[in-house]
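I opened the model today to look up its salt bridges. My notes follow.

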Amino acid sequence: MLKFPRTGLGIYALIVTVAFAAVVTMGARADRDADFDTINVERINVREPDGTLRMVISNRSRFPGLILHGKEYSHQRPRAGMIFYNDEGTEQGGLIFSGRKTSDGGYASGLSLTFDRYQQDQQLQLIGIDKDGHYFAGLRVRDVPHRPILQDIKEREKLAAMSKSERDAVVDKRNKENYYGARRFFAGKSRSGNSVVMLRDANGKPRLAMRVTPQGEASIVFLDAKGNVQRKLTADELAQHAR
C-alpha cells in the first residue's frame, strides 16, 4: 500500500517524482497520433523533423514578421492568418484577413491569398477589399525583381538615414524604373463596379482592357504607353464588322 510522506521534504520529493513521470510519459507519446474536438491556441508553428519552419497559423498579436532562411525581420502586418515557407525556411506566400469597424464609424474588411517568387515578394494574389461599401475583388499577377528581397531589407537603413526629400526622390525614381516590380494582369471587379480584365506591359502601363459595366455595356480598349486610347471596340461595332 502506498503511504504518503508526512515531512515537507518527503512531499517535495513525491511532487518532483510525479512531475518527472508525467514528463517522461508525455515525451513517450509525443510521436503518436491524437484526436481533439477543439484546440484553442494563439499560434501554431509547423516544422520539419530538423526544425525547419514550413507554416505558421497565428492570430494578429502573435503574427510573425518576415522570415528568410529561418531568420525573422521586422515586418508589420496587423492581420491574422497563415504563412507558408519553402524548404529553406523562407516565406513563400500566405493568407491574411481582417475586418472591423473604424474609428470614424465606417468599416474596413479584406482578405488576401498570395504566392511569392523564390526569395522575393508576391507574384500572384487573390484579393478582396471592402471599405465603407467601396470594394474590389480579383486576381492579380505582378513582375517582381530577380534580386533577393533581403537586399531591399538591408537598404531600408540607408533610406531611413536620408532626408525626406532625398528619400522621396530615390523612391520616386525607383518606382518609375519598376525597381520594386510592376503590375501585369488583373481580372475581377473594379471599384467602379465594372467587370474588368486589364493587361499591362513590362513597365506596368495599361495596354489592353476588357470591360463590362453593371448595365451590360461591353468594350475592348487598346492604349498606348502613355495611357491614351488608340482604339475602342464595342459590341455594336464588332457586330457591324461581322455583317
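I began with a network. Glu48, Arg54 and Asp87 are linked in it by salt bridges. The model is a predicted one, and I kept that in mind throughout. I then looked up the total, and the count is 12 salt bridges.

Next entry: Glu91 and Arg77. I found a salt bridge between them, with the closest N and O atoms 2.9 Å apart. Glu91 lies in strand E6 (residues 91-101), and Arg77 is in the loop between strand E4 (71-73) and strand E5 (80-85). The two are 14 residues apart in sequence, so the pair ties these parts together. Is Glu91 buried or exposed? Glu91 has a relative accessible area of 10%, so I noted it as buried, the limit being under 20%. Arg77 is buried too, and I wrote down 16% for its relative accessible area.

Then I turned to Glu42 and Arg62. Their side chains meet in a salt bridge at 3.6 Å, N to O. This pair links distant parts of the chain, 20 residues apart. I placed Glu42 in the loop between helix H1 (8-28) and strand E1 (43-47). Arg62 sits in the loop between strand E2 (53-58) and strand E3 (66-68). Glu42 is partly exposed at 44%, and Arg62 is partly exposed at 42%.

Last entry: Lys131 and Asp132. I found their side chains joined in a salt bridge, 3.9 Å from N to O. Lys131 has 42% relative accessibility and counts as partly exposed. Asp132 is partly exposed, at 34%.

Key:
Residues are numbered from 1 along each chain as its sequence is written. This is a predicted model: local features need pLDDT of at least 70, side-chain atom pairs count only at pLDDT 80 or more; totals for chains, interfaces and linings use all residues. Side-chain values use heavy atoms; hydrogens and water are left out. A salt bridge is a side-chain nitrogen of Lys or Arg within 4 Å of a carboxyl oxygen of Asp or Glu. Helices (H or I, at least four residues) and strands (E, at least two) are DSSP runs, numbered from the N terminus. Buried means under 20% relative accessible area, exposed over 50%, partly exposed in between (1.4 Å probe, protein chains only).
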